[in-house]
Amino acid sequence: MVEALYNLLGGEGPFLYFLAITASILAVVLPLTIAVAFAVYFDRKIWAAVQMRRGPNVVGPFGLLQSFADGIKLFLKETIIPAGANKGIFLMAPMITFTLALISWAVIPFDDGMALSDLNVGVLYILAISSLGVYGIIMSGWASNSRYAFLGALRSAAQMVSYEVSIGFVLVCVLVKVGSLNLSDVVYAQEGGVLAWHFIPFFPIFIIFFISALAETNRPPFDLPEAEAELVAGYQVEYSSMAFALFFLGEYANILLMSVVMAILFFGGWYAPIPALDFIPGFLWLFAKTAVFFWMFAMVKAFVPRYRYDQLMRLGWKVFLPLSLAFVVIYSGVMVAFDLLPTNG
């Protein structure tokens, strides 16, 4: 994307290259920020529909501007820092969480050739950045000087590490078939319609990935780090104003990231379900698939009860880890036995 924009601007001089980089980053960050605001709105609308309520409906047409009103309210509030808190780390933690949630999108291909940075190791990049996300939560829990916040941070660290292992093995299964760590190559491997999409041969590990993504993003029924009944909001209990908003925005940016990653890994990315519909722009297909997965995230929150913490850890270590390891062996064995390994691997 950067090179294309640089050539469009004339392709001469470091200033134009800097301008192309800045414009490319804004082209991703601004729509993403707006998408997060509307994601919060649709999340609340879906919960309301399940519970037979109306949800946000006053601010703007159909309540569409409710998230922006909430953002302005948080921006105008006073930032309260506890007396015993480490102020520097306390304020740095939400900024780290939000920043890491944004930079994960740098390698996401929105269409053929439409990625901020089309890295050959894009899958590893996303794994690395998502693993770093736990630092913001741990820092917030420790710096708050609160037992509730610290317990929530420890829960989050254990939970995210546990389910990242399963996600990693799920990715290995897909990468063995594709033979590349590049996300665009993963999409190219699914060209040819819905029958070529990975969710058909990899349906069991898609289920593991979806449930692990819920735990990775601290979504119900795995929102134990911020369990209101036990930890009164957990690691973010001492936060208010824009510091709290950054945690909130980071969480929803990560939910959208997991949704788009599932669309890329298992559901053909920007490809249409049938080749006859390829005239529709690819980014619209990717948007539609991401919206479906976000709807699934919201529905799970609406009707699945919260796990106990021992149940959450048992599911991660005693169920998903052995299953994902077994599927790595099974799929790899099938690929070798039938000589299906990709030639570019």
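How far apart are the end C-alpha atoms of α5, and what span should its 22 residues have at 1.5 Å a residue?

## Helix α5

In this predicted model, the end C-alpha atoms of α5 are 32 Å apart. At 1.5 Å a residue, the 22 residues of α5 should span 32 Å, so the two values agree. Helix α5 covers residues 122–143, and Asn 145, which follows the helix, has a positive phi near 60°.

The buried residues of α5 include Val 123, Ile 126, Ile 129, Ser 130, Gly 133, Val 134 and Ile 137. An α-helix has 3.6 residues a turn, so residues three or four places apart point the same way. Among the elements that cover the buried residues of α5 are α4 (87–103), α6, α7, α8 and α10 (241–266).

## Ser 130 within α5

Ser 130 is placed in helix α5. Is this residue, Ser 130, buried or exposed? Its relative accessibility is 16%, and because buried means under 20%, Ser 130 counts as buried.

A polar atom of the Ser 130 side chain lies 2.9 Å from the backbone oxygen of Leu 127. When neighbours within four places in sequence are left aside, Ser 130 is in contact with Met 160, Glu 164 and Glu 216.

## Helix α6 and its surroundings

Helix α6 comprises residues 147–178. At the start of α6, a side-chain oxygen of Ser 146 comes to within 3.4 Å of the backbone nitrogen of Tyr 148. Just after α6, Gly 179 adopts a positive phi of about 80°.

## A nonpolar surface patch

Which residues form a nonpolar patch on the surface? The patch is made of Trp 142, Phe 150, Leu 151 and Leu 154, which together have about 410 Å² of accessible area. Helix α6 supplies the largest share of the patch, with 3 residues. Phe 150 is found in α6 and counts as partly exposed, with a relative accessibility of 36%.

## Glu 191 in a loop

Glu 191 lies in the loop between α7 (183–188) and α8 (203–216). Its relative accessible area is 55%, so Glu 191 is exposed, the cut-off for this class being over 50%.

With neighbours within four places in sequence left aside, Glu 191 is in contact with Ala 196 and Tyr 271. Glu 191 and Pro 275 are 84 residues apart in sequence, while their C-alpha atoms are 8.7 Å apart in space.

Note on methods: Residues are numbered from 1 along each chain as its sequence is written. This is a predicted model: local features need pLDDT of at least 70, side-chain atom pairs count only at pLDDT 80 or more; totals for chains, interfaces and linings use all residues. Side-chain values use heavy atoms; hydrogens and water are left out. Patches are made of residues with over 30% relative accessible area and no salt bridge: like charges are joined within 9 Å, nonpolar side chains (Val, Leu, Ile, Met, Phe, Trp, Tyr) within 5 Å. Accessible areas come from the Shrake-Rupley method with a 1.4 Å probe; for residues, only the protein chains shown count as cover. A salt bridge is a side-chain nitrogen of Lys or Arg within 4 Å of a carboxyl oxygen of Asp or Glu. Helices (H or I, at least four residues) and strands (E, at least two) are DSSP runs, numbered from the N terminus. Buried means under 20% relative accessible area, exposed over 50%, partly exposed in between (1.4 Å probe, protein chains only). A polar contact is a pair of N or O atoms within 3.5 Å; within protein, one must be able to donate a hydrogen and the other to accept it, and residues adjacent in sequence count only if both atoms are side-chain atoms. Contact means heavy atoms within 4.5 Å. The expected span of a helix is 1.5 Å times one less than its number of residues.
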